[in-house]
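Dear colleague,

I am passing on the structure below, followed by some notes on what was found in it. Please read the notes with the structure open beside them.

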Amino acid sequence: MTKRESRYDILFEPMAIGPVIAKNRFFQVPHCNGGGYRDPSSVAKMRNIKAEGGWAVINTEQAEIHASSEITPFIELRIWDDKDLPMLHRITDAVHEHDALAGIELCYNGMNGPNLHSREVPMGPMAVPIATFTNDPIQARAMDKRDIKNLRNWHRNAAIRAKRAGFDLVYVYGAHGFGAVQHFLSRHTNQRTDEYGGSLENRARLLRELIEDTKDAIGDSCAVPVRVLIDEMMGDKGITNNEMRDVVSMLAELPDLWDFTHGNWADDSATARFKDEGSQEEYVKGFKQLTTKPVVGVGRFTSPDTMVRQIKSGILDFIGCARPSIADPFLPKKIDEGRTEDIRECIGCNICVTGDMTGGLSRCTQNPTFMEEWRKDWHPEKMQAKGKSENVLIIGSGPAGLEAARALGLRGYDVLLAEAGTELGGRVTRESKLPGLSSWGRVRDYRQGQIEKMANVSVYFESKLTADQVVEFGFENIAIATGAQWRKDGTARHHLSPIPIAGDARIYTPDDVMNGKSPQGDVLIYDDDHYYMGGTLAELLINNGCNVTIVTPATRVSDWTVNTLEQHFIQKKLIHLGVKIVTTHSVSSIDHDHATLECTYSGNIQKIATDAVLLVTCMESNDQLWDELKYTDDKWSASGIKSIKVIGDAEAPAPIAWATYAGHRYARELDEIIDLDISPFKREVVGLSRNWS
Ligand code: ADP
Ligand code: SF4
């Protein structure tokens, strides 16, 4: 095996963090996963795999320290009392199995925790409405001195429990708009007049006390890092970058490590559409020079050269990663082993975040095994050996077909990937040419790179296969991954059947635009899809010189992107670009020179003059091949066919992450006996209390 390149040696230097030693500089910062206390074994195994992949430090998501501050409906960890310890112990054991350090991010949400489950009255520095994503009609009450004393006790007790659970690092946390520490620090959320408000020193008092309490309670054997934001991104109204430089100077040597983030969660976890790799640099530069303690920061780092530069230029000591460690848990190992070309780079899409935002379980576009490590026994780097059959024909090289080819190749099958066009990637290749989406091409690049190394996987271009050809070829297994296309008749969520469209109306779909056939002049985009496509096409067309109006039945543009933390940025950008936004309206009919809109509330009608209408509505599967083949089982055995399956968008259109998942799942399940009557994954069921009366 080739060894790592010497210029990356610096990334593998051991570093002390207070009383503990990290074996290298790869630091998986805290990140949510949608599993939390509901799926503890899934969380533990996911962290275990990262430890195997070479990360020196592996942190949990936020762990709520007390029932008076929980963030239902979001599912994170809890360390309310000893009952949580077995779950947390499972995580620390899993991390220690591969000599990594386990960290826990203690959190008291305070005025961003609505307590919908515990029904306790939320508390914060001020009496104001709870700040959540959902405008809950609940207010926090202002903490008095006794409340602050209680909070310090709860934090101290949680720290002691964390140590008992086996954690090596126990965080004091206040960033991303979450946590009492931030709320006290910011003049935006702290307008107190006592010794916890007013001057910066006063606003930083709680932070200082929590660090001192935690150090005092467990600092002999556990490191105490602090995670704070270094700019609230609201100018003088909130915490400024300069102010945080003063805070860090004031408390410089108190914690064992400084972990810096900026803005709210959407700023800090910005998508590739809005921020590049290493974009936090401008905020974090110079902070390291204020302390002798190690500094960690993030930046969606996937390039080892960028990582080295961050360290050599004195910006960071540790390379903090959340999403890059999700997309590739083996990132450190691959650099160490001189296999940087095998890194599965995060594309910055934030599908992982949507798992947390929706109360589902996080998934990853690039790494379909994320959060399936335990419940499906899926390892991101290993596949089980092939089963009884020998070969597979995969039709279509979009994300589903490519991932199936890669994973089946790894299992040892002979794979033929047939593609109708002249390039790999399907929708990923097309969509990566849209504004802000170029990094999505990594979904193709990683897989293409992997299958090119496999002698048992071959690709045939310009091979648009018919049902007869498929049967004649004599492959044992056939996967139909022929994708989907956008509908041209207005059918989607709002209208479940086609809308009236005049014969001479100029109608376009996203496929037309991506194939180079763009509308001109006054263009109305009807977005009943609600994800990224409508917004990104509005940007493209206005940059092409069109006058663009985007109409949506939702109350905001690209409505679902609230879950990828992009919605605010998208709407802001479209407003700045001069796109006219019409919400809460559907398009009820389209004529040659105008479209008729209907208010979704009142039913009121208005007409808008337009040269062309771009329908971003929904997709229909390219399932013709599947339709022709699925009921021909009687002919299969004569042709040597054992199985034919439809996967990805050809089965049911969805975001790209669903397609890579479908391709991976197909590869895992080929030749396996699947009992459709039982749950397709292991699950944990709440332990009933013995005390029923
Ligand atoms: P998914 O997201 O499910 O992977 P895509 O739409 O991205 O689907 O990709 C489907 C791919 O299948 C496209 O590259 C398309 O050219 C190819 N394709 C569609 N029909 C056929 C066919 N009959 N034979 C071979 N390739 C096909
Ligand atoms: Fe990166 Fe997207 Fe995977 Fe999240 S889902 S880790 S942003 S590739």
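Helices (H or I, at least four residues) and strands (E, at least two) are DSSP runs, numbered from the N terminus. This is a predicted model, in which local features need pLDDT of at least 70 and side-chain atom pairs count only at pLDDT 80 or more, while totals for chains, interfaces and linings use all residues. Residues are numbered from 1 along each chain as its sequence is written, chains are lettered from A and ligands numbered from 1 in the order in which they are written, and side-chain values use heavy atoms, with hydrogens and water left out.

Ligand 2 is surrounded by 13 residues (a heavy atom within 4 Å), the closest being Cys346, Cys349, Asn350, Cys352 and Cys364. Helices α11 (323-327) and α13 (351-358) each contribute at least two residues to this shell, and α11, with three residues, has the largest share.

The domain assignment, which is automatic or taken from a database, gives domain 1 (6-358), domain 2 (391-483 + 622-669) and domain 3 (487-620). The C-alpha centres of domains 1 and 3 are 39 Å apart, and 15 residues of domain 1 are in contact (heavy atoms within 4.5 Å) with 14 residues of domain 3. Between them these two domains bury about 1200 Å², 66% of it on carbon and sulfur atoms, where buried area is the accessible area (1.4 Å probe) that two parts lose on being put together, summed over both. On the domain 1 side, Ala266, Arg273 and Phe274 lose the most area to domain 3, together 48% of what that side buries.

Best regards
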